[in-house]
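Trainee: I have just opened this structure and would like to be taken through it. Could we begin with the overall picture and then turn to details?
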Amino acid sequence: MRRHKAMAITVVICLLSFHAIAGAQEPANANPHVVWIGLENGTEAEALMASELRALIRKYNVQPWILTRRILIDEDQIPHSHPVLTIHTRHIGEELELLSTFVHEQLHWLEEEPWLGDFNAAMEALEGQFPSVPSSADGGARDDQSTYRHLLVCDMEYQAMSVLVGEAAARETLAGTTHYKWIYHKVLNDPKIREIVLHHEFDVTEGVRAP
């Protein structure tokens, strides 16, 4: 067991809505806008990342795209959504990259019920549109199914980021990613993807639709 791992470090973040009174305090269980952030190893980098994520959540109205409220910071892992949404420390000092990563991993939770059927149908439509996709070495994801999954998730990420920071900044941020290069290029430049995404009712410009 790694040192510090036995020490549970949990940060409670109150996400204030636009109508909240500045500085108001209330018990965590009374506030619907609460995210728990844990540090896997308790390092300075993880603590700094948690602080920056906390500031980001206060600054941007990310509430409409939050689907899971348990967040883990782990400097040894790449970001992933399940079973606990996990963020690495690579984006310290990179606000928009952290924002897009956080939103991206939140949107992967649309692969759960009650959205799962529509999500799978959208993936099938994307597979029909793009029967051949590149490997991870050429800008795809780890396998074909993951590539179709990410065409959907990355388009929704682009939708959300366009609302949060404006389309130009969203485009610049996503175009600058060092992974999924083919996927993001298609999302940013092929309107057929958005057509398929919207046809399957994954318009997330105002947040995630109710089940």
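Trainee: How many helices and strands are there in the protein?
Mentor: The protein has seven helices and four strands; helices (H or I, at least four residues) and strands (E, at least two) are DSSP runs, numbered from the N terminus. Along the sequence the pattern reads β-β-α-β-β-α-α-α-α-α-α. This is a predicted model, in which local features need pLDDT of at least 70 and side-chain atom pairs count only at pLDDT 80 or more, while totals for chains, interfaces and linings use all residues. Residues are numbered from 1 along each chain as its sequence is written, and side-chain values use heavy atoms, with hydrogens and water left out.

Trainee: What percentage of the residues is buried?
Mentor: Of the 211 residues in the protein, 45% are buried. Buried means under 20% relative accessible area, exposed means over 50%, and partly exposed lies in between (1.4 Å probe, protein chains only).

Trainee: Now to the helices. How do the axes of helix 4 and helix 6 cross?
Mentor: The axes of helix 4 (residues 144–165) and helix 6 (residues 181–189) come within 9 Å and cross at roughly 50°. Axes are lines fitted to C-alpha atoms, for helices over the stretch in contact, and angles run from 0 to 180 degrees between N-to-C directions. Helix 4 and helix 6 are therefore oblique to each other; angles under 35 degrees count as roughly parallel, over 145 as roughly antiparallel, 65 to 115 as roughly perpendicular and the rest as oblique.

Trainee: Which residues meet there?
Mentor: From helix 4, T147, H150, L151, C154, D155, E157 and Y158 meet W182, I183, Y184, K186, V187 and L188 of helix 6. Contact means heavy atoms within 4.5 Å. The residues of this contact between helix 4 and helix 6 comprise eight nonpolar, two polar and three charged. Here Ala, Val, Leu, Ile, Met, Phe, Trp, Tyr, Cys and Pro count as nonpolar, Asp, Glu, Lys and Arg as charged, and the others, Gly among them, as polar.

Trainee: Is T147 buried or exposed?
Mentor: T147 is buried, with a relative accessible area of 0%. Leaving aside neighbours within four places in sequence, T147 is in contact with V133, P134, G140, A141, W182 and I183.

Trainee: And which residues are buried in helix 6?
Mentor: In helix 6, the residues I183, Y184, K186, V187 and L188 are buried. The cover over the buried residues of helix 6 includes helix 2 (95–107), helix 4, helix 5 (167–175) and helix 7.

Trainee: Changing topic, how many aromatic pairs does a search of the whole structure find?
Mentor: The search finds two aromatic pairs. Rings of Phe, Tyr and Trp (its six-membered ring) pair if their centres lie within 6.5 Å; planes under 30 degrees apart count as stacked, over 60 as edge-to-face and the rest as tilted. The rings of F119 and F202 have centres 6.0 Å apart and planes at 80°, so this pair is edge-to-face. F119 lies in helix 3 (residues 116–129) and F202 in the segment after helix 7 (191–199), so the pair ties together parts that are 83 residues apart in sequence. F119 is buried at a relative accessible area of 1%, and F202 counts as buried at 2% relative accessibility.

Trainee: What about F130 and W182?
Mentor: The ring centres of F130 and W182 are 6.2 Å apart and the planes stand at 90°, so this pair is also edge-to-face. F130 lies in the loop between helix 3 and helix 4, and W182 in helix 6, so the pair ties together parts that are 52 residues apart in sequence.
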